Amino acid sequence: MAMTGAKRLTLEEFRAMPEGPPYYEYEEGELILVASPTPEHQDVVGVLWHVVWQYVRQHQLGRVVREVDVYLPDGRSYIPDLSYLSKERMHLISAIDRKLHGSPDLVVEVTSTAPARDRVHKFRVYYGNGVPCIGSSTPLPWRSKSTRPSLKAICAPRALPRVRNFARSSSQG
């Protein structure tokens with residue numbers, strides 16, 4: 001939910017705001033309120049984080065983080081549910097504020113309240129900012145027969161060999 005009619009903020013003013021709650025994303029001078037997650041949403045985030053984290057750790061590829069602010073090169077700031085940084089992009093974690101400044105290798109949005117914004121608009125923004133792989137998932141109903149959420153991803157061609165390797169190894173586990 002965008003805060004329309006309010007004074008537009010600069011990125012510097014946004015960064016100077018106190019940490020939430022409430023939590024906001026920043027886009028073109030506007031604050032976008034981030035909805036509080038549901039238990040089902042957090043279940044999916046937890047499962048996805050664990051699967052990706054195990055693979056990244058086992059292969060010593062980098063770092064996986066949950067719900068950390070990402071300041072994109074075009075000046076927007078989002079809070080994806082998961083972000084993955086390869087060893088080559090670990091420098092994007094700021095020593096000062098511990099946020100990500102730049103484009104991670106992977107972002108995942110678990111869509112609950114605003115699926116069109118998360119799956120269409122934010123995908124375009126992430127891709128336009130050089131994020132090579134963008135994933136989305138939806139919350140599973142509690143006590144669903146499926147114990148693993150499905151993850152749909154859009155990846156740039158250069159990211160596909162790593163994604164195929166991950167998909168093979170995680171489906172076997």
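Begin by selecting K122 and Y78: K122 lies over the face of Y78, at 4.9 Å from the ring centre. A charge counts as sitting over a ring if NZ of Lys or CZ of Arg is within 6 Å of the ring centre and within 35 degrees of the ring normal. The model is predicted, so local features need pLDDT of at least 70 and side-chain atom pairs count only at pLDDT 80 or more, while totals for chains, interfaces and linings use all residues. Residues are numbered from 1 along each chain as its sequence is written, and side-chain values use heavy atoms, with hydrogens and water left out.

Next, select R15 and Y71. R15 lies over the face of Y71, 4.3 Å from the ring centre.

Rings of Phe, Tyr and Trp (its six-membered ring) pair if their centres lie within 6.5 Å; planes under 30 degrees apart count as stacked, over 60 as edge-to-face and the rest as tilted. By this rule there are four aromatic pairs. One of them, F14 with Y71, is edge-to-face, at 6.5 Å centre to centre and 70 degrees between the planes. This pair links distant parts of the chain, 57 residues apart: F14 is in helix α1 (residues 11-16) and Y71 in strand β4 (residues 70-71). Helices (H or I, at least four residues) and strands (E, at least two) are DSSP runs, numbered from the N terminus. Both F14 and Y71 are buried, where buried means under 20% relative accessible area, exposed over 50%, and partly exposed in between (1.4 Å probe, protein chains only).

W49 is buried at 19% relative accessible area, whereas W53 is partly exposed at 28%. Among the other buried residues of α2 are H41, V44 and L48. Just after α2, select Q60, which takes a positive phi of about 50 degrees.

Finally, select S94, in the loop between β6 (82-86) and β7 (100-101). S94 counts as buried because its relative accessibility is 16%. Not counting residues up to four places away in sequence, S94 touches K99 and H101; contact means heavy atoms within 4.5 Å. The side chain of S94 also makes a polar contact with the side chain of D97 (3.2 Å). A polar contact is a pair of N or O atoms within 3.5 Å; within protein, one must be able to donate a hydrogen and the other to accept it, and residues adjacent in sequence count only if both atoms are side-chain atoms.
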